Amino acid sequence: EETADSALVEELQEKIQRLGPVNVLAIEEYDQEKERLDFLTQQRDDLVSARSSLLKLIEEINKTARERFLDTFSKVQNNFQEIFTSLFEGGQAHISLADDSDPLESPIEVIARPRGKKMLGLSLLSGGEKALTALALLFAIYTVKPSPFCILDEADAPLDDANIDRFLTIIRRYARNTQFIIVTHNKR
């Protein structure tokens, strides 16, 4: 029995020798590293949670923005047709989204047909027609979201006398609720 015990002791001593020097601070170092790992894990979990929350919030904001934009766009579209018709004493105008799938990033197409003309893109209109169409769109937006004041810098420059009268009519129409500052070279 003693020889078995002494063989076992020898075998254990040999295994201890093979282990090499023992780091008595290993447990303390392990505790420090474990604490650091736990801290970093908690930080990572917080970041993952925050990212998820932000993505959800972005989705909600985009949904709300999309709904509000489409609602406002529809109102502007209706106002644009009405104001364009009054400025041109007839005709038709239309705004539309070039890409319905992403209304917040879509370009807006403006098509106008002054009385007695074909439906044309803005690039094919005369300077005066472009200016009146732009003013119609400006006031269509203004009607949806009015402002207490508005500054127009030479908006009338490309207009002839007949179109100046139309421009002044629309200015007078909105001047009841808005103060206009108009920079112009036109004496009228």
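**Close-up views of a predicted model**

**View 1. Residue E29 in helix α2.** E29 is found in helix α2, which spans residues 26–88; helices are DSSP runs of H or I with at least four residues, numbered from the N terminus. The structure is a predicted model, in which local features need pLDDT of at least 70, side-chain atom pairs count only at pLDDT 80 or more, and totals for chains, interfaces and linings use all residues. Residues are numbered from 1 along each chain as its sequence is written, and side-chain values use heavy atoms, with hydrogens and water left out. With 41% relative accessibility, E29 is classed as partly exposed (buried means under 20% relative accessible area, exposed over 50%, partly exposed in between; 1.4 Å probe, protein chains only).

**View 2. The aromatic pair F139 and Y142.** The whole structure contains 7 aromatic pairs (rings of Phe, Tyr and Trp, the last by its six-membered ring, with centres within 6.5 Å; planes under 30 degrees apart count as stacked, over 60 as edge-to-face and the rest as tilted). In one of them, the ring centres of F139 and Y142 lie 6.2 Å apart with planes at 75°, so this pair is edge-to-face. About one helical turn separates F139 from Y142, because they are 3 residues apart in helix α3 (residues 127–144). F139 is buried at 1% relative accessible area, and Y142 is buried at 11%.

**View 3. The aromatic pair Y142 and Y174.** Ring centres 5.2 Å apart and planes at 90° make Y142 and Y174 an edge-to-face pair. Y142 lies in helix α3 and Y174 in helix α4 (residues 161–174), so the pair ties together parts 32 residues apart in sequence. Y174 is buried, at 10% relative accessible area. One aromatic cluster is formed by F139, Y142, Y174 and F180.

Note on methods:
Helices (H or I, at least four residues) and strands (E, at least two) are DSSP runs, numbered from the N terminus.
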